[in-house]
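Subject: Handing over a structure, with notes

Dear colleague,

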Amino acid sequence: MPTSWADSVAAENSAAGGAVGSANNGGVGSNSVSGRSAYVPPHLRNRPAPSSTPSAPAASYAGSVSTANDRIGGQVDSFQGGGNRWGGPRLGGGGSGSSGASVGGRGGSGWNTRSGGWGRGREREVNPFGDDDSTEEMFQQENTGINFDAYEDIPVETSGENVPPPVNTFAEIDLGDALNQNIRRCKYVKPTPVQRYAIPISLAGRDLMACAQTGSGKTAAFCFPIISGIMRGQHGQRPPRVPRMAFPLALILSPTRELSCQIHDEAKKFAYQTGVRVVVAYGGAPINQQLRDLERGVDILVATPGRLVDLLERARVSLQLIRYLALDEADRMLDMGFEPQIRRIVEQMDMPPPGVRQTMLFSATFPKEIQRLAADFLSSYVFLAVGRVGSSTDLIVQRVEYVHESDKRSHLMDLLHAQRANGVHGKQALTLVFVETKKGADALEHWLCVNSFPATAIHGDRTQQEREQALRSFKSGNTPILVATDVAARGLDIPHVAHVVNFDLPNDIDDYVHRIGRTGRAGKTGLATAFFNENNTSLARSLSDLMQEANQEVPAWLSRFAVRSVHGKSRRGGGRFGSRDFRRESSLTRGVTDYYGGGNLSSGYGAPGGYAGSYGPGVTSAWD
DNA sequence: TATACGA
């Protein structure tokens, strides 16, 4: 175990080197089974591969996807033929009917042309990737050099009725030519675990509560089925002719503006030349441009809750045609601060009820209480938990240091000094410092700058311009220290963050998990340092449990805090999954033993990390 | 009580 900060950085660097090396050896399309290397999230697979060039798109892909038209003529869609809008069971819902991986039962009218389907829009669509010649180039940056064999080690658990089986390749899924082409352009050769499970579930029309780390391919996991579904046009309705009112078919909500932008950018790529129109709406930016975008037509609306409520109140958006609802970082969206707004949007406007629309909730953690709330939005849903093995928390070295409130600044300075001295070319590695308050963020940023550490800050009181500027400046290494409130804790994809410092620890262990998840990405290891003192007593228990679960060294003094704090919550439902299906523990399931008959457990328990152990199948987590 | 989310 590293004994000093510098040691752990050194250890981290060598570990990262090894992991990347073996990933390249494994290579895309290689059948090598040697060397399980680190799981690299899909959007970060653009690590320059020094010794290997990315292979061409997988052979298994080419020509193997039938067009959707081949499959048309399955089950009749209840939306077809007009009649009662809410009438009839949702296609594939309720666990009856089609649940095959091939999704053969879908279909109905074939490609609908509401948004142009295959045809319209292709010429007029602005190439989101720059000029037309560089399209391939833009996609190019996506991912290369991943060892897909590492996926096999990630444990996945599903529960619910008649869970559609997972797929192993994109070729097995009938997503349509245009979408397939974008997948190929993105060099997504093989689906990530969350995609392997979530996409068939979603294509089968089922609701989904999915627990997976950000960076595991979640965005694609909900975007692909939505785009594909919209292209098939399984809606019998023409949008009502209401002037200046937009009628999106899909709504994707996320808790921060930056995250919505990020999702929008990704969705644009996936939807390129499909005729499916993606629009983003968030606060802090002039609303006029967003209104114009909406007026020009929207199929998928990505939004933050506040701005969406605004748009709904102005009657510029109607949710009555929504067929897909996705909540990203769903646990945050349903916690105290956001819940009323979300309920208002989902339950008190004109959105179709659960069972009519299809709902997908994604988050890295899913506390039981939140699952209970979330169940209100879902109908006969599948619970999916993708393990963390090989994903971020395994790659993060977590340290906790006892630091008095008054010593925090000088202690941080020591860390930064050591880091700079230790860094490559004397450069400061990207360091993300979390504080509790917006004022605290400003103060610390100022103090760092005064002490000649190039720092910037991001929090909710800054203008959107300032926020984006700070993020850019941090990403580019211009100001390699970013002081942040929880606005930056979730979902944001900032490559190369070497160190996360919890200057102020959060009150909730799940927030801690999200925060440290900003490092340890791209198959690199990362370092997370927390400053702990009496103010954090309530976190002692869960923090020490979490660290123990992650095979981290737990200082003896922390364990003593943990024992002392009677009220401290223990880490529930965690383990190698962010959570487990609360229905499995509830009394509702008593006497319904095969309620989970469709559930299946992957064979991922021999995973690296040293905590695979004496647990047989049926045990959700070795850490429970 | 903090954070985030519309002006």
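The notes below go from the whole chain to single residues and their partners.

This is a predicted model, in which local features need pLDDT of at least 70 and side-chain atom pairs count only at pLDDT 80 or more, while totals for chains, interfaces and linings use all residues. Residues are numbered from 1 along each chain as its sequence is written, chains are lettered from A and ligands numbered from 1 in the order in which they are written, and side-chain values use heavy atoms, with hydrogens and water left out.

Chain A holds 18 helices and 14 strands, where helices (H or I, at least four residues) and strands (E, at least two) are DSSP runs numbered from the N terminus. Of the 624 residues in chain A, 59% are buried; buried means under 20% relative accessible area, exposed over 50%, and partly exposed in between, with a 1.4 Å probe and protein chains only. Among contacts (heavy atoms within 4.5 Å) between residues at least 6 apart in sequence, 81% join residues at least 24 apart.

UniProt, in an unreviewed entry, places "short sequence motif: Q motif" at residues 168-196, and it lists "domain: DEAD-box RNA helicase Q", also from an unreviewed entry, at residues 168-196. UniProt positions are given in the numbering used here, feature names are shortened, and annotations may be inferred rather than shown by experiment. In the model, residues 168-196 are 45% helix and 0% strand, and the end C-alpha atoms of this stretch are 6 Å apart.

A385 sits in strand β8 (residues 382-386) and counts as buried because its relative accessibility is 1%. Leaving aside residues up to four places away in sequence, A385 touches P155, V156, E157, C211, F577 and S579. The C-alpha atom of A385 is 8.2 Å from that of V194, although the two residues are 191 residues apart along the chain.

Salt bridges, taken as a side-chain nitrogen of Lys or Arg within 4 Å of a carboxyl oxygen of Asp or Glu, come to a count of 28. One of them joins E258 and R467, with the closest N and O atoms 2.6 Å apart. E258 lies in helix α6 (residues 257-271) and R467 in helix α15 (residues 464-475), so the pair ties together parts that are 209 residues apart in sequence. Both E258 and R467 are buried.

R515 also forms a salt bridge, with E436, and here the closest N and O atoms are 3.8 Å apart. R515 is in helix α16 (residues 509-516) and E436 in the loop between β10 (431-434) and α14 (438-450), so this pair ties together parts that are 79 residues apart in sequence. R515 is buried, with a relative accessible area of 0%, whereas E436 is partly exposed, at 39%. A network of salt bridges links K218, D328, E329, D331, R332, D335, R490 and D511.

Best wishes
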